[in-house]
Amino acid sequence: MTVTIIQPNRRILLLGAAAAGVVGLLPRYLLPANAQSGALAATETMRGGANNYIPGAPMVDNLGTGFTASGIVREAGSGKPLRNVRIQIWAATERGGEREPSNRGSVMTDANGRYRLDISPIVPQFGQPHIHIAYDDPGFATLFLRPVLNSRHDKSMTVDFVLAPTAGNAGKSS
């Protein structure tokens with residue numbers, strides 16, 4: 001094995017500083033145009049977000065009381081609030097685990113893209129108090145989220161997210 005030792009001198013230090021400056025500028029030129037213009041990027045699916053997902057959860061008024069999940073849903077790119085979008089929420093609560101039918105349901109966003117669902121108090125599952133939120137209807141890319149509460153004693157969580165239009169829905173927001 002051969003090892004080459006480079007002795008630092010002024011020329012090497014100047015070249016290194018110039019290279020660092022160029023590397024600092026590269027991300028600006030490598031980002032897509034919409035990221036540079038301030039367009040809103042789509043939220044990425046979270047690992048574990050689809051755990052215990054069951055398609056077609058019924059529309060509900062609430063899943064109990066004691067905890068509130070809420071947020072705003074926006075369209076990627078424009079950032080416009082999305083109305084009449086079906087959001088599914090499920091969680092482990094004092095009434096049972098995530099697979100308990102009474103712990104899952106769907107709600108629609110309002111005219112301002114807001115959703116809200118009252119739920120029984122959340123209990124930790126696998127050591128973490130968390131909820132699941134999904135979008136899985138035509139028009140936008142499927143999204144699964146698994147946000148973790150700060151404490152099992154939290155009474156609410158706001159989860160805003162951004163949906164990417166599918167190819168056939170680009171430019172057509174609700």
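View 1. Gln125 is placed in the loop between strand 4 and strand 5, where strands are DSSP runs of E with at least two residues, numbered from the N terminus. Not counting residues up to four places away in sequence, Gln125 is in contact (heavy atoms within 4.5 Å) with Asn52, Ala92, Glu98 and His130.

**View 2. The largest nonpolar core.** This core, a set of buried Ala, Val, Leu, Ile, Met, Phe, Trp, Tyr and Cys residues joined through side-chain atoms within 4.5 Å, has 25 residues, and those with the most contacts inside it include Ile87, Tyr115 and Ile131. Among the elements that give two or more residues to the core are strand 1 (67-75), strand 2 (86-91) and strand 5 (131-135). Leaving aside neighbours within four places in sequence, Ile131 touches residues including Phe67, Trp90, Leu145 and Met157.

**View 3. The salt bridge between Asp118 and Arg116.** A search of the whole structure finds 1 salt bridge, defined as a side-chain nitrogen of Lys or Arg within 4 Å of a carboxyl oxygen of Asp or Glu. The side chains of Arg116 and Asp118 form this pairing at 3.4 Å, N to O; Arg116 is exposed at 55% relative accessibility, whereas Asp118 is partly exposed at 24%.

**Notes.** Residues are numbered from 1 along each chain as its sequence is written. In this predicted model, local features need pLDDT of at least 70 and side-chain atom pairs count only at pLDDT 80 or more, while totals for chains, interfaces and linings use all residues, and side-chain values use heavy atoms, with hydrogens and water left out.

How values were computed. Buried means under 20% relative accessible area, exposed over 50%, partly exposed in between (1.4 Å probe, protein chains only). Helices (H or I, at least four residues) and strands (E, at least two) are DSSP runs, numbered from the N terminus.
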